[in-house]
Each structure stands twice: as C-alpha cells, then as structure tokens.
Amino acid sequence: MPTGLLFPGQGSQYEGMGLELSAAFPEARRTFEEVDEILGISLSTLMTMGPREELTETRNAQPALLTHSVAVLRVLGDRLGEPAMAAGHSLGEFSAHVAAGTLRFDDAVRAVRARGELMFEAGQRRPGTMAAILGLDEAEVEAVCAAASDSSGVVVPANLNSSGQVVISGDVGAVERALEGAREAGAKRVIPLHVSGAFHSPLMEPAQEGLREALESVKFDRPRFPVVSNVTARAVVEGEEARELLVEQLTSPVRWSESIRRMVDLGCDRFLEIGAGSVLTGLNRRNAKGFESISVGEPADLSKLGL
C-alpha cells in the first residue's frame, strides 16, 4: 500500500513526549542520547520532564519535535517498507528530509535549533503574531488580509491547513484588523495564537537570511523518495532544491491542504503521522477524506499498525 509519511510541526510538542517510547525501545533511547550529545544540552530531559514553558520555546520545541519523529522512525525500522513520499508541516519538513535521507540527523538537529533561535530573534526585532480563522475559504482569508494590510503593518495567510482552517500571520495591529474583518465576513471562529513571532510572513526575512547561511555548509543528498514542499506543494527530488525551499519556507505560506492533495494525486493510499500528537491526522479528515490516516508517536500507537 503506497504510504505517505507526515511529520508534525511546532505546537504538537507536549511534556512527556517520548518518555514511554524511550523506556520501551533502545532505538528511541539512543536517539534521545544522541540529540543531547549533538546539542550539548539535555534536550531529552526537557522533552520528557519539562517544564512545559521551556519546552515550548521555539529553539527547544523544534529540535524536540524532530528528535521525537526520528526516534519513532527508528523504532519502526523497515517493518513498513519504503514510503511512497513524505511531507512535513513547517518544521516537520526537516523531519521529512531526514526520513528521506536528504539530511543527516545531526545536521538537521543543528539546523532546526538555529532556525528556532533565528525565528525568535526575528520576532523580537519586529514583534508580530498569528491567529487561526475557521469557516472562511482561502480566497476569503486572502481578501481579508489584503484589506487589513497598510503602511502601518502587514498580515498574510500563513498556514493553509484545510478547507475552512487558515492561520494568518503579521504585525499585531494588522492581524487584529484582519480578525475583525474575518468576523464581518462570516468566520465561524477566530483564535489568537500564543507565538513568539509572525511565522511564515515577511516579518521572518531576517531569520530567512540567517538560515540560508546556516545551511550553506550542510550536505543535502538526493532524497530516496519525494518530499512534498510546503512552499510549492510539489514533490522535491533533488537535494539542492530542498535546501533553497527550506529557506524560502520561512516567509512563505505552508500549503498544507494542497500538499496532501498532491500526495493523493501521486498515488498515496494511506498516511502515517510520525511523531508527536495527531494534528495532521485530524486535518486529513478533510484533506484526505476516505483515506486511512494513523498517528504513531508512542508505544501504544504501534498496535494501530498491527506491530
């Protein structure tokens, strides 16, 4: 059965992530020990014991989520066979490229640690925020954002998650205007998000340049299987293309629903969400209706796969 792997992004982290996994499987335990050695900090303790506030920090959440996903992959090993393709939501695209062999685990860990720090710094330099809009389609949200943007601030669609769920990002005042406009346009609900910056918006341009520099010395191999890009919603099959798209991603919208449709069009019959939480599996109730979607992050989840 052609399987698409999905990898979660920031926001899916939770205190205790990987605790049962590392206790049950030596492959997972070794992965957590490896990330501690790579970063020179006890990230594994932060993942399993918290505190939650520190784990949620962008610089910690990103390598934690990647590490958890890689630990699950190593536990699964070759029992699922070769995936048909993969995709990851924002930070999760790095995890997808580790799964595909484009990036080595250690290089990816260092890159996403730097990515998190750069995104936080960009947010401090030009404060911004994000919010979810439910009940409007992408075109309606785009119109709301265009009307709310002016010389005092900009707001753009940032995460095109599913039909009727779009996250916007930008300057605080512009986001507030957009939320009022969304209510007037008939949005079912608007939800301000607690974030440290306006991710996937023009406000992240300083982080983009820093990430480009950080990735210059990183080796990108040809993926063993295609990875669908957040930026283009097309399959990436070359390492150098992956490098540039991971940089562009910081200021581009995450075209998630379109990415899932692309994977279905390319032949995926089922999806496995690898790592923390089940956000992407939930989104697939709309994005891939009728297709099997399973989240795998802790030992109990392996029974869903008959393992």
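About 350 Å³ of space lies in the second largest pocket, against about 900 Å³ for the largest. The model is predicted: local features need pLDDT of at least 70, side-chain atom pairs count only at pLDDT 80 or more, and totals for chains, interfaces and linings use all residues. Residues are numbered from 1 along each chain as its sequence is written, and side-chain values use heavy atoms, without hydrogens and water.

**Pocket terms**
- On a 1 Å grid over the protein atoms alone, a pocket is an open set of points where a 1.4 Å probe fits, with protein on both sides within 12 Å along at least five of seven lines; lining residues have an atom within 4 Å of a point.
- Grid points are joined across faces, edges and corners, and a volume is the space filled by probe spheres set on the points.

**Second largest pocket**
- Its lining has 17 residues, with Leu-5, Leu-73, Gly-77, Gly-81 and Pro-83 nearest the centre.
- The largest share of this lining, four residues, comes from H5 (helices are DSSP runs of H or I, at least four residues, and strands runs of E, at least two, numbered from the N terminus).

**Largest pocket**
- Of the 34 residues lining the largest pocket, Gln-10, Gly-11, Ser-12, Leu-193 and Val-195 lie nearest its centre.
- H7 gives the largest share of that lining, four residues.

**Backbone**
- The peptide bond from Gly-50 to Pro-51 is cis, with omega near 10°.
- Pro-51 sits in the loop between helix H3 (43–49) and helix H4 (52–56).
- Ser-90, not a glycine, has a positive phi of about 60°.
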